[in-house]
Number of protein chains: 2
Amino acid sequence: MRRIIKKILKKSPSSDQDGVFFDKIHTILGFKPTTLRYYEKAFTHRSANKLDDKGNQISYERLEFLGDAMLGSVIAAHLYNEVPSGDEGYLTKMRSKIVSREHLNELGRDFNLIQFVESKVNPQHFGENIHGNIFEAFIGAIYLDRGYTYCEKFIHNKIIKPYVDIAKLEGKVISYKSLIIEWCQKEKKSFKFDVYEDNGKEGMKFFGVKLYIDEKVVCKARATSKKKAEETAAKRAYFVFQEKISRKNN
Amino acid sequence: MRRIIKKILKKSPSSDQDGVFFDKIHTILGFKPTTLRYYEKAFTHRSANKLDDKGNQISYERLEFLGDAMLGSVIAAHLYNEVPSGDEGYLTKMRSKIVSREHLNELGRDFNLIQFVESKVNPQHFGENIHGNIFEAFIGAIYLDRGYTYCEKFIHNKIIKPYVDIAKLEGKVISYKSLIIEWCQKEKKSFKFDVYEDNGKEGMKFFGVKLYIDEKVVCKARATSKKKAEETAAKRAYFVFQEKISRKNN
């Protein structure tokens with residue numbers, strides 16, 4: 001009985017549309033959003049001309065400022081812990097690479113955040129930076145909604161783990177795919193990248209790639225483009241064969 | 001009995017010197033430090049030539065990077081919440097004023113952090129920026145020692161509350177002391193700033209000031225200089241008489 005009352009009292013999405021939005025945000029976050037209003041704000045362009053009850057304009061721009069700061073401190077702490085030998089200059093340089101405009105745009109695009117944007121004009125006309133801007137605003141919304149710890153959790157699980165590769169950022173590895181190909185050729189091993197999944201959906205595409213070495217599947221990876229899935233599979237293979245590869249290359 | 005065992009098991013400072021350092025850090029923080037090593041690092045200059053067990057140089061420079069990031073995100077969140085009408089440009093500008101080199105140097109000096117610096121040369125020869133640099137490193141140490149929440153708590157209680165005045169940063173109020181003096185003269189009220197406390201200690205000076213208006217004490221304030229204590233007392237008086245003052249000035 002108590003559980004039923006609790007369920008009734010619990011704020012539920014006010015409409016089906018809210019329910020769909022909730023589910024999509026939930027999927028991206030990997031945990032439940034509490035106050036959808038923050039996420040709605042993160043996707044509201046100033047052209048939508050929306051005002052809050054105090055007459056202040058609602059747009060993602062302020063949240064962008066907040067998200068940028070949160071991203072900055074989470075990435076700073078990650079680099080500090082991950083690279084104990086890096087001095088202040090190194091840490092500063094690596095962080096700017098991670099939060100570069102280009103990289104933020106890529107992240108926003110990969111999460112397909114533009115599908116949520118509310119504006120008077122077609123968001124596709126805003127230019128490339130809209131992706132990075134709403135991505136930062138989204139981080140700001142997570143902070144307001146669930147606090148620093150969840151914001152940090154999201155950045156770790158959904159950005160640092162899949163996207164931040166220190167060896168690549170240092171320029172030590174340009175492409176894991178070429179490393180693997182080079183190694184296979186040297187070792188006279190056959191290799192093949194095979195697309196086993198392509199959901200074909202516009203906007204939220206997903207590809208699955210298997211990497212065969214000597215006719216055996218050694219790794220799989222899924223990503224938003226074939227190129228990225230291949231690179232991730234190659235990176236995984238690299239870590240499997242790391243010792244052998246570095247012995248060969250040195 | 002259990003309490004005695006607990007007391008024995010509890011890590012205690014390994015020497016009297018550590019005990020003094022612990023107490024001083026405890027006083028500045030307003031809560032207990034857990035791992036003193038982080039704070040020691042925050043005050044170690046590269047000239048001390050200290051290495052950790054992996055051969056990495058110990059100096060405050062890496063912690064400075066971390067502290068700067070933490071300060072940036074806590075101040076960003078504070079401004080976001082405090083000024084709902086400020087756009088992204090305003091928020092960015094206000095934050096840079098708060099974390100300006102000059103302001104950080106002032107904070108480091110007020111906390112007298114230089115007393116802790118370990119170096120081969122006299123830290124007084126490092127120039128003005130040493131104060132701000134070790135202040136940032138100190139914030140980084142708090143983050144490593146107690147996590148984001150305590151770091152935020154410290155920044156709120158010890159920096160934002162006593163030092164961050166948005167009206168002043170916006171240039172709307174240059175000096176509360178002049179505002180009060182001007183108002184008293186207009187209103188034909190007598191006023192007097194009276195130093196009732198001066199601990200006279202070099203390094204960690206403290207002054208207490210009482211503000212009398214028409215022979216009555218209206219406010220008191222304590223600070224690290226007479227000027228600051230007067231300004232804070234005047235600010236408090238301003239908020240007491242705010243309505244009357246703004247009626248008179250408009």
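## Interface of chains A and B

Nine residue pairs, both members at pLDDT 80 or more, are in polar contact across the interface of chain A and chain B. The model is a predicted one.

The contact involves 30 residues of chain A and 30 residues of chain B. Between them, the two chains bury about 2600 Å², and carbon and sulfur atoms account for 60% of that area. On the chain A side, the residues that lose the most area to chain B are A:R62, A:F65 and A:Y80, which together make up 34% of what that side buries.

## Helices on the chain A side

Three helices of chain A each supply at least two residues of the side that touches chain B: α4 (61–82), α5 (88–98) and α7 (129–163). Of the elements involved, α4(A) gives the most, with 15 residues.

Sorted by class, the side of chain A that touches chain B has 14 nonpolar, seven polar and nine charged residues.

## Packing of α4(A) against α5(B)

The axes of α4(A) and of helix α5 (residues 88–98) of chain B lie 8 Å apart, and the two helices pack at an angle of about 35 degrees. From α4(A), the residues in this contact are A:E61, A:R62, A:E64, A:F65, A:D68 and A:A69. Their partners in α5(B) are B:E88, B:L91, B:T92 and B:R95.

By class, this helix pair brings together three nonpolar, one polar and six charged residues.

## A:S73

A:S73 is part of helix α4 of chain A. This serine counts as buried because its relative accessibility is 0%, under the 20% cut-off.

The side chain of A:S73 makes a polar contact with the side chain of B:S73, at 3.3 Å. Leaving aside residues up to four places away in sequence, A:S73 touches A:R95 and A:Y148 in its own chain, and B:A69, B:M70 and B:S73 in chain B.

## Helix α6 of chain A

Helix α6 of chain A covers residues 101–110, and its buried residues are A:H103, A:L104, A:N105, A:L107, A:G108 and A:D110. Just after α6(A), A:N112 has a positive phi of about 50 degrees.

Technical notes. Residues numbered from 1 in each chain as written. Chains lettered and ligands numbered in written order. Predicted model: local features only at pLDDT ≥ 70, side-chain atom pairs only at ≥ 80, totals over all residues. Heavy atoms only, no water. Contact = heavy atoms within 4.5 Å. Buried area = accessible area lost by both parts, 1.4 Å probe. Polar contact = N/O pair within 3.5 Å; in protein donor to acceptor, adjacent residues only side chain to side chain. Helix = DSSP H or I, 4+ residues; strand = E, 2+ residues; numbered from the N terminus. Nonpolar A, V, L, I, M, F, W, Y, C, P; charged D, E, K, R; others polar. Buried < 20%, exposed > 50% of the residue type's maximum accessible area, 1.4 Å probe, protein only. Axes fitted to C-alpha atoms, helices over the stretch in contact; angles between N-to-C directions.
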